[in-house]
4 protein chains.
Amino acid sequence: MDKYADRCGIFGMYDNNGFHTSHLIYYGLFSMQHRGTEAAGICVNDSQGIFEYVKDAGLVTEVFDDMKLDKLQGHAGIGHVLRFEGPDPSQNAQPIVIRYTKGRMALAMNGGLKNIEEIRHELELEGAVFQTMEAAEVVSVLISRARNKYSTIEEAIASIMPVLKGGYAMVVMTPRKVIGVRDPFGIRPLSLGKLDHSWFLSSETVAFDELQIERVRDVRPGEIVVINADGPRSLQAVPSEEKRVCIYEYVYYAHAASLIDGQEVYKARYEMGRNLAKEAPVKADAVIWVPDSGLAAACGYSEQLGIPMLDAFAKNKYYGNNLVKPEGLLFDHRIHMKLSVIRSQVEGKDIVVIDDSMVHGTTAAILVSLLRRAGARSVHLRIASAQIRHRCDYGAAVPAEEKLALAQADKEEVREKTGADSLEFLSREGMEKACSDADGGFCCACFDGNYPV
Amino acid sequence: MDKYADRCGIFGMYDNNGFHTSHLIYYGLFSMQHRGTEAAGICVNDSQGIFEYVKDAGLVTEVFDDMKLDKLQGHAGIGHVLRFEGPDPSQNAQPIVIRYTKGRMALAMNGGLKNIEEIRHELELEGAVFQTMEAAEVVSVLISRARNKYSTIEEAIASIMPVLKGGYAMVVMTPRKVIGVRDPFGIRPLSLGKLDHSWFLSSETVAFDELQIERVRDVRPGEIVVINADGPRSLQAVPSEEKRVCIYEYVYYAHAASLIDGQEVYKARYEMGRNLAKEAPVKADAVIWVPDSGLAAACGYSEQLGIPMLDAFAKNKYYGNNLVKPEGLLFDHRIHMKLSVIRSQVEGKDIVVIDDSMVHGTTAAILVSLLRRAGARSVHLRIASAQIRHRCDYGAAVPAEEKLALAQADKEEVREKTGADSLEFLSREGMEKACSDADGGFCCACFDGNYPV
Amino acid sequence: MDKYADRCGIFGMYDNNGFHTSHLIYYGLFSMQHRGTEAAGICVNDSQGIFEYVKDAGLVTEVFDDMKLDKLQGHAGIGHVLRFEGPDPSQNAQPIVIRYTKGRMALAMNGGLKNIEEIRHELELEGAVFQTMEAAEVVSVLISRARNKYSTIEEAIASIMPVLKGGYAMVVMTPRKVIGVRDPFGIRPLSLGKLDHSWFLSSETVAFDELQIERVRDVRPGEIVVINADGPRSLQAVPSEEKRVCIYEYVYYAHAASLIDGQEVYKARYEMGRNLAKEAPVKADAVIWVPDSGLAAACGYSEQLGIPMLDAFAKNKYYGNNLVKPEGLLFDHRIHMKLSVIRSQVEGKDIVVIDDSMVHGTTAAILVSLLRRAGARSVHLRIASAQIRHRCDYGAAVPAEEKLALAQADKEEVREKTGADSLEFLSREGMEKACSDADGGFCCACFDGNYPV
Amino acid sequence: MDKYADRCGIFGMYDNNGFHTSHLIYYGLFSMQHRGTEAAGICVNDSQGIFEYVKDAGLVTEVFDDMKLDKLQGHAGIGHVLRFEGPDPSQNAQPIVIRYTKGRMALAMNGGLKNIEEIRHELELEGAVFQTMEAAEVVSVLISRARNKYSTIEEAIASIMPVLKGGYAMVVMTPRKVIGVRDPFGIRPLSLGKLDHSWFLSSETVAFDELQIERVRDVRPGEIVVINADGPRSLQAVPSEEKRVCIYEYVYYAHAASLIDGQEVYKARYEMGRNLAKEAPVKADAVIWVPDSGLAAACGYSEQLGIPMLDAFAKNKYYGNNLVKPEGLLFDHRIHMKLSVIRSQVEGKDIVVIDDSMVHGTTAAILVSLLRRAGARSVHLRIASAQIRHRCDYGAAVPAEEKLALAQADKEEVREKTGADSLEFLSREGMEKACSDADGGFCCACFDGNYPV
């Protein structure tokens with residue numbers, strides 16, 4: 001619950017079946033809502049090359065309704081869900097839709113570029129102006145400029161990829177194509193799917209599953225997939241580096257049902273729980289979990305040690321942003337409103353609490369105190385990933401190191417902060433071993449400081 | 001998921017501390033949102049005996065905002081969340097607020113009366129007119145008429161209780177009192193709480209826990225609790241019958257953290273799962289559950305048999321009413337949008353699926369087919385309550401018997417309908433045994449046809 | 001602008017043509033929006049005798065949209081626009097829809113009853129309870145009780161009319177009829193219309209004109225018009241008194257295009273202007289008017305004296321309730337935001353300002369000061385009705401006498417308050433003479449204290 | 001009513017008094033709402049050079065509320081109301097807010113550039129991309145590029161003005177300045193105002209009057225006014241051409257109370273009416289007008305010929321966009337809903353109808369037919385401006401010539417289309433004479449094809 005914010009999801013499609021393009025993109029985005037809840041947008045290309053779009057602050061279900069989707073008619077389209085922490089997400093909603101010498105272009109992107117400010121500054125010196133804070137806008141300017149020197153949009157994209165230092169994925173739409181791009185290390189995921197004669201690109205395969213789209217394969221690091229009426233073609237834009245997919249996608253970001261680079265996310269989480277049980281067992285009466293992020297690992301932990309599971313936290317499923325804040329009341333009702341402890345399950349027991357990861361430790365501290373108040377004899381925290389010690393340059397919303405309260409703290413300090421009787425993290429090796437189905441290596445920079453780019 | 005709808009929650013308070021009355025009622029109702037999501041309302045009594053109210057269709061968080069709560073100033077108040085299946089819930093929102101000879105009266109009620117139509121008809125013959133479909137309006141007329149013959153409101157209420165045939169609880173507010181009433185069999189729950197010098201009434205104790213209100217006791221069957229500035233007084237309105245609290249409150253209705261008549265709801269569900277394991281064990285690789293209604297029983301079932309739990313269903317937590325309906329698209333996307341199956345957890349396994357109860361069997365059928373499609377070797381359904389065979393007269397939204405598809409079906413027919421490899425229900429004895437902390441008996445009429453009233 | 005608030009409009013229809021009933025009622029109400037802007041409601045009777053309704057606070061165009069109107073299917077219906085000054089108009093929206101011994105009844109009413117509190121109190125003593133502040137609710141209870149003693153609803157209505165002391169009109173809908181009722185003095189207007197085989201009732205004929213419905217006639221004082229599938233029948237419920245239609249309908253309430261009891265409203269206003277010119281001429285350079293209420297009388301005044309008209313006040317037509325209030329700013333921007341003075345038209349001129357009536361005189365005072373600031377040499381106020389000196393018992397929102405600032409003031413005091421160089425009112429005779437097409441007498445009680453009832 | 005759409009208004013201020021900047025801009029825009037109703041926006045500069053803005057589709061009162069204005073804190077700001085005919089005005093809302101080498105810049109602009117597409121294309125060739133259809137975005141790119149070559153923003157603006165071929169006005173905000181710019185011919189108006197130590201720029205002086213801001217003077221053709229903490233400085237950016245203010249501002253665009261280049265708008269309209277009476281008198285019983293656009297000219301026409309005025313059209317003031325459309329009903333209710341004819345004023349009379357201008361003639365045709373149906377003996381149309389025969393290049397929303405139905409038609413054809421008994425337009429000379437207070441010449445290009453640029 002108290003963790004890295006997720007950061008943006010993208011979806012694209014080229015329809016050859018007469019499907020309701022905007023509706024399919026809508027459901028695709030909806031199934032990836034967990035990747036970004038601040039804004040959403042869809043841009044479609046009608047047959048005449050006119051690009052219509054709707055984008056605004058809010059959830060997918062808030063930004064769109066039947067009428068708006070019906071107005072977005074087209075045979076191709078791209079969409080985006082935004083994770084954004086500033087005051088006005090609507091001003092940064094994607095896709096970015098521009099007009100340039102070759103007509104229209106739309107672009108949706110996720111991930112992060114460590115040199116975004118340098119690139120922006122250089123472009124400004126050449127006369128570019130910017131209206132958003134999004135890297136996507138900067139990249140759209142880079143591409144449109146390169147386009148004048150190359151005969152195809154994909155060559156233009158390939159030509160600028162060496163400039164982009166970071167981990168990202170993007171979908172680009174032009175009057176006749178929909179294009180998917182994945183960074184040279186494959187840090188951010190992107191998959192290709194197919195339904196009958198239509199082709200799809202998505203950050204996560206869960207979107208394919210929801211729509212019964214067949215997963216074809218992951219886009220390769222440094223690859224550009226160009227889809228037009230004839231189907232997809234592939235271009236290795238930059239030499240593929242050794243794959244280094246973000247391990248935090250498996251830990252927390254991605255949907256449990258998604259398959260990234262051969263590794264099912266749920267299975268990774270479950271195995272992280274088992275590995276955690278092997279590395280840091282504890283004698284306890286019950287395994288409980290932070291709902292819902294710790295559940296998969298708790299199943300693995302429980303099974304490995306044979307300790308029964310107990311769902312000791314009951315969530316109020318109506319809890320949301322429009323709950324009136326109890327300012328000025330006497331007590332802190334907030335956390336209660338979201339979560340109740342089932343006293344009978346906790347009283348007099350030794351409890352292991354499993355969570356998938358820990359950023360600030362504040363949620364853990366509150367939960368530990370709730371459990372103690374409910375009569376737990378002892379509370380042991382087990383975190384199914386390593387301790388986060390470094391910033392992320394590639395799009396994970398990890399705070400800068402100086403703000404990362406726990407970055408420098410040793411384990412004992414953290415334990416003390418949470419108030420738990422004991423605290424253990426899973427080792428980096430334990431994490432990686434849990435992802436043994438994956439067909440490449442991992443970026444664990446936020447855990448170990450080893451930055452691929 | 002596919003089950004009896006829950007039916008209404010009530011909350012009342014008399015403040016002697018200078019608390020924000022309307023805010024506390026708001027949070028109390030919010031924590032009981034699961035009891036009714038169609039409409040919500042709050043009525044407060046300012047010091048001059050003027051009753052201000054807001055009620056409308058929607059969730060608690062939709063009907064109220066900061067501004068509306070701030071306008072509802074008063075030292076006493078009552079609130080209601082409505083479960084309603086008709087086309088326009090706003091027309092039936094409670095509290096009912098009336099003016100009569102003695103001034104103002106507000107009333108909020110839950111439960112059901114089997115003779116409501118007769119009472120209404122008799123009142124109509126005497127010249128009464130009605131503007132809603134709610135029993136609460138009828139009861140408010142009965143009370144106001146009786147009030148002319150008795151010197152106190154509580155005597156008036158006591159005088160009409162023998163007329164009301166059913167299971168119910170209500171809170172009544174008059175210019176100087178807030179009153180709680182529970183039916184003679186105690187079929188519907190009602191609890192008394194205290195915070196400093198202020199007093200509270202609530203359908204469920206979870207509302208007290210959220211607000212750190214001390215649970216004092218359950219209101220007794222047939223009791224009237226009258227709260228005024230001096231605190232509560234008790235009146236045994238009608239001779240208390242043997243207590244027969246609705247067992248379905250433990251099975252599904254109530255919040256897991258609530259304590260009803262001495263029995264914690266979660267514990268009852270957990271024990272139902274254990275009893276189910278004893279009565280109907282199965283050799284399987286994993287215990288999974290229908291999220292989230294089957295989870296507590298699944299924990300018990302798993303622990304009893306030592307079969308590991310697997311959270312094979314991943315819910316989309318953004319799923320809600322404003323999701324655009326995929327009408328006209330090619331496939332049934334609806335269920336997918338709400339729930340995904342984690343294929344790796346299911347493939348090639350023998351699975352037990354636990355749910356708390358079964359009304360129509362349609363959800364079960366869909367889940368079974370999803371599991372089969374994901375590669376489950378066998379799927380065994382275990383229901384942690386008995387088979388529902390009868391209508392409810394006391395406020396549970398059980399369909400009339402002729403519409404209760406499964407009422408007459410034998411177990412094999414039901415199994416066939418769901419497509420499961422095997423199906424077992426918990427026995428009535430197994431249910432009752434699971435509630436052994438309760439200080440009375442149970443109404444199991446929807447299971448066994450034995451109606452207390 | 002600063003005047004008696006208008007009070008409620010009613011509309012009813014019985015369709016034999018397959019028209020969109022709810023849509024026609026909607027447009028009928030919309031064309032009478034000036035009679036009440038606080039709430040609106042429509043109730044229709046589908047063929048099975050089920051009454052569906054929508055009513056809420058707001059303008060007609062705010063309460064209804066396409067979807068809501070489409071849901072209101074029926075062959076008969078009634079509607080209401082409410083003028084209400086309390087805090088929550090939604091709680092008093094009409095029609096009142098009740099269930100009683102004979103099934104459903106809906107009722108919409110305008111006007112006022114001086115003995116409403118006595119009637120309500122008596123009913124309460126007999127056990128009635130009330131949920132609104134509306135006379136309509138009280139009358140619906142009276143009718144439903146009487147209905148048990150009479151074999152038809154119209155007889156029941158006739159039987160209670162002697163009890164109702166006041167000026168009113170109402171439309172009543174039962175499962176097989178739509179009924180129009182006008183008080184014995186005809187104080188409030190009500191007209192009957194016809195379009196092909198369908199029949200209509202409306203407070204004002206402007207609603208008929210909009211919908212190209214043929215005006216058949218005014219309902220007579222004390223008459224009940226009963227419409228069913230066979231068309232209308234008439235019943236003289238109480239002996240018709242000498243007609244005394246509210247003269248303020250001609251002065252301000254009604255729409256200029258309406259025809260009430262034979263007298264066109266616009267023509268009455270124009271003639272009031274002419275009569276005012278004859279009674280109180282002034283030597284001036286220009287006739288201006290308070291927009292838009294004084295325009296018709298200004299035309300008459302200008303024509304009579306041959307003084308040219310000047311539209312010196314320019315209104316901001318976007319001015320409305322959602323304009324942010326300039327609290328805390330340095331100056332009173334409010335009046336400016338609504339109205340600008342055209343300086344060139346005013347500077348150095350002697351000006352006559354015409355308005356239709358005066359309640360508080362505050363608006364007049366502001367306008368006089370705006371004109372002086374713009375350089376007017378002299379400002380003469382001429383009011384095209386008499387001085388209001390008494391409360392209204394029959395539904396005009398005239399303040400109680402003690403709050404009627406000008407009630408006791410003599411003309412010179414009022415002139416001083418407004419800051420005008422001179423001030424004259426039209427005489428009562430001048431008003432009545434202007435309505436010479438009317439087929440009866442007038443209620444001028446608020447002007448002369450002569451109450452018909 | 002059926003006429004050239006108005007096109008955009010701009011407002012800017014530099015506060016040295018501690019005023020509520022965003023509130024004052026809000027009221028300024030609100031008073032110019034008639035210049036553009038599709039979108040509105042405000043951008044403010046807080047003391048740290050951070051630019052906050054809100055812009056969206058809708059009226060000023062719809063886009064902003066108290067909370068949004070309160071968040072817009074700053075000592076300087078600019079605002080815009082947009083007139084736009086495309087499908088999604090929100091995508092073109094101004095101000096345009098950009099980041100470039102020198103930090104932030106915001107720009108709001110009205111008017112039109114005939115070479116906008118050429119400029120845009122040239123910039124695209126140099127690598128620029130665009131996200132809106134607005135000239136303002138293009139100009140902001142031009143300025144930001146020029147800024148690199150000049151040491152001040154005003155020099156940069158001056159350097160690009162020769163490129164802009166058209167009629168326009170703009171306000172530009174940089175971290176330390178607010179700048180007003182008017183095109184070399186002064187086709188679009190712009191005024192400078194002062195309140196205490198604070199300075200203001202506005203398309204129309206009505207905004208100043210509303211806020212009791214002192215009008216200082218009109219910005220001169222080709223002038224740049226630079227306001228900073230020390231007050232305004234002037235720069236004659238390009239040699240001032242002979243002034244050619246758009247005469248259509250006087251005919252229809254501007255608010256009647258505004259003063260443009262020395263000429264009050266109302267007075268111009270009144271005199272156009274008088275001149276029309278001299279050029280094209282008619283023997284008639286009454287002068288009526290198209291509400292509200294024809295009123296001022298009708299006053300002049302009536303006074304000149306001594307024919308009395310009659311307000312024969314009654315508008316429904318609640319008419320607006322949210323009125324449900326009567327599609328599928330039997331008759332055309334639309335025009336009725338907006339406007340009623342007062343039959344008594346029209347029947348058997350010879351009528352002159354005055355309007356300010358005529359674009360398509362469709363509204364005129366409907367009004368003529370309404371008057372005939374109401375019994376008018378004859379209907380004479382008099383238009384207080386010349387016949388529109390040419391497109392506008394400078395921001396008036398005149399249709400292209402080929403779509404301008406009346407452009408090629410001779411007067412008799414137009415008369416026939418409207419169904420009037422006679423039709424006359426005011427001569428160009430008559431229009432210009434009516435504006436004799438103006439301190440320069442006029443652009444009458446849409447009337448005579450004589451384009452200044």
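Me: How many residues does the contact take from chain D and from chain A?

Reply: In this predicted model, the contact takes 26 residues from chain D and 26 residues from chain A. In chain D, Arg99(D), Val129(D) and Gln131(D) lose the most area to chain A, and together they make up 31% of what that side buries.

Me: How are chain D and chain A related, and by what turn and shift can chain D be laid on chain A?

Reply: As a general idea, two copies of a chain are related by a rotation about an axis together with a shift along it. Here chain D can be laid on chain A by a turn of 179° and a shift of 0.0 Å along the axis, with an RMSD of 0.1 Å, and the two copies are thus related as by a two-fold rotation axis. In chain D, the C-alpha nearest this axis belongs to Ala128(D), at 3.2 Å from it.

Me: Through which surface do the copies meet?

Reply: They meet through the same surface, because 100% of the interface residues of chain D are also interface residues in chain A.

Me: How much area do chain D and chain A bury between them?

Reply: The size of an interface is often given as the accessible area lost when the parts come together. Chain D and chain A bury about 2400 Å² between them, with 43% of it on carbon and sulfur atoms. Across this interface there are 0 salt bridges, while the count of residue pairs in polar contact is 8. On the side of chain D that touches chain A, the elements giving two or more residues are strand S5 (96-100), helix H4 (116-125) and helix H5 (135-147), and S5(D) gives the most, with 5 residues. By class, that side has 11 nonpolar, 7 polar and 8 charged residues.

Me: Is Arg120(D) buried or exposed, and which residues does Arg120(D) touch?

Reply: Arg120(D), which lies in helix H4 of chain D, has 3% relative accessibility and therefore counts as buried. Leaving aside residues up to four places away in sequence, Arg120(D) touches Arg99(A) from the other chain, and also Phe130(D), Thr132(D), Met133(D) and Val138(D).

Me: What area is buried between chain A and chain B?

Reply: The area buried between chain A and chain B is about 5100 Å², of which carbon and sulfur atoms give 65%, and 63 residues of chain A are in contact with 63 residues of chain B. Between these two chains the count is 0 salt bridges and 8 residue pairs in polar contact. Helix H1 (residues 21-31) of chain A gives the largest share of the side of chain A that touches chain B, namely 6 residues, and the residues of that side divide into 34 nonpolar, 17 polar and 12 charged.

Conventions: Residues are numbered from 1 along each chain as its sequence is written. Chains are lettered from A and ligands numbered from 1 in the order in which they are written. This is a predicted model: local features need pLDDT of at least 70, side-chain atom pairs count only at pLDDT 80 or more; totals for chains, interfaces and linings use all residues. Side-chain values use heavy atoms; hydrogens and water are left out. Copies are superposed by least squares on the C-alpha atoms of residues with pLDDT of at least 70 in both. Contact means heavy atoms within 4.5 Å. Buried area is the accessible area (1.4 Å probe) that two parts lose on being put together, summed over both. A salt bridge is a side-chain nitrogen of Lys or Arg within 4 Å of a carboxyl oxygen of Asp or Glu. A polar contact is a pair of N or O atoms within 3.5 Å; within protein, one must be able to donate a hydrogen and the other to accept it, and residues adjacent in sequence count only if both atoms are side-chain atoms. Helices (H or I, at least four residues) and strands (E, at least two) are DSSP runs, numbered from the N terminus. Ala, Val, Leu, Ile, Met, Phe, Trp, Tyr, Cys and Pro count as nonpolar, Asp, Glu, Lys and Arg as charged, and the others, Gly among them, as polar. Buried means under 20% relative accessible area, exposed over 50%, partly exposed in between (1.4 Å probe, protein chains only).
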